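Reader: Please take a close look at the packing of the helices in this model, and then at the individual residues placed around that part. I would ask that each term be given with its cut-offs.

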Amino acid sequence: MKILLVEDSFFDVRINIEFLSCYGEVDTAKDGKEATDKFVKQIEIGQPYQLICMDVMLPVASGFDATEFIRVYESMNKIPEDKKVKIIVLTSLNMDFQVKEAYLKGADIFFTKPINPFKIERFLKEKGLIADKKKKVIK
């Protein structure tokens, strides 16, 4: 799985790369503008991200602005629903208006920092990005 981690805190980048790298290749962006540029580039070269973990408070363009850009881009380019990138919005603040804003801009889910590995893994399984090892295969 190709993952884009959008985070401006060096400390959070190091911790989250360590956790996320067990699920796939992790690229990073330090602001919303860099994130949208990388998102578009990966689509153009035929290697789109399957997951973006997006901080809210970023320099240049916020996580909300970047999330909205990504959803508009997907819509304008008629990317099928099942091929759209899954976006996890992350913040250290847990205010109602931020949660609402995240979903209005197109986030798939909203989590507060620090990342809870069990919640992230459950989300990845629900979205079919990783296998659920507990499910039995029926032959």
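Author: Helices and strands are here DSSP runs, numbered from the N terminus: a helix is a run of H or I with at least four residues, and a strand is a run of E with at least two. The model is predicted, so local features need pLDDT of at least 70 and side-chain atom pairs count only at pLDDT 80 or more, while totals for chains, interfaces and linings use all residues. Residues are numbered from 1 along each chain as its sequence is written, and side-chain values use heavy atoms, with hydrogens and water left out.

Lys2 lies in strand S1, which covers residues 2–6. Lys2 has a relative accessible area of 11% and is therefore buried, where buried means under 20%, exposed over 50% and partly exposed in between, with a 1.4 Å probe and protein chains only. With neighbours within four places in sequence set aside, the contacts of Lys2 are Glu25, Asp27, Gln42, Gln47, Pro48, Tyr49, Gln50 and Leu51; a contact means heavy atoms within 4.5 Å.

The helix packing itself begins with H2 (residues 32–44) and H3 (residues 63–76), whose axes come within 9 Å and cross at roughly 25°. An axis is a line fitted to C-alpha atoms, for helices over the stretch in contact, and angles run from 0 to 180 degrees between N-to-C directions. The crossing angle makes H2 roughly parallel to H3: angles under 35 degrees count as roughly parallel, over 145 as roughly antiparallel, 65 to 115 as roughly perpendicular, and the rest as oblique. The crossing of H2 with H3 is right-handed, a term used if the near helix is turned clockwise from the far one by less than a right angle, left-handed being the anticlockwise case. On the side of H2 the contact is made by Gly32, Thr36, Phe39, Val40 and Ile43, and on the side of H3 by Ala66, Phe69, Ile70, Tyr73 and Glu74. Seven of these residues are nonpolar, two are polar and one is charged. In this classification Ala, Val, Leu, Ile, Met, Phe, Trp, Tyr, Cys and Pro count as nonpolar, Asp, Glu, Lys and Arg as charged, and the others, Gly among them, as polar.

H3 also packs with H4 (residues 96–105): the two axes come within 8 Å and cross at roughly 20°. H3 and H4 are therefore roughly parallel to each other. Here Phe64, Thr67, Glu68 and Arg71 of H3 meet Gln98, Glu101, Ala102 and Lys105 of H4. This contact has two nonpolar, two polar and four charged residues.

Phe64 is 28 residues from Ser92 in sequence and 14 Å from Ser92 in space, C-alpha to C-alpha. Ser92 is placed in the loop between S4 and H4 and, at 52% relative accessibility, counts as exposed. Glu68 and Ile130 are 62 residues apart along the chain, and their C-alpha atoms are separated by 25 Å. Ile130 belongs to the segment after H5 and is buried, with a relative accessible area of 18%. Not counting residues up to four places away in sequence, Ile130 touches Met1, Tyr23, Glu121, Leu124 and Lys125.

Val60, in the loop between strand S3 (51–55) and H3, has a phi near 70°, a positive value in a residue other than glycine. Val60 is exposed, with a relative accessible area of 68%. Lys78, in the loop between H3 and strand S4 (86–91), is not a glycine either, yet its phi is positive at about 50°. Its relative accessible area of 71% makes Lys78 exposed. A further loop, between strand S5 (109–112) and helix H5 (117–126), holds Pro114. The peptide bond from Lys113 to Pro114 is cis, with omega near -5°.

Finally, the cysteines. With a disulfide taken as a pair of cysteine sulfur atoms within 2.5 Å, the count comes to zero. The closest cysteine sulfur to that of Cys22 is in Cys53, 11 Å away, too far for a bond. Cys22 counts as exposed because its relative accessibility is 56%, whereas Cys53, at 0% relative accessibility, counts as buried.
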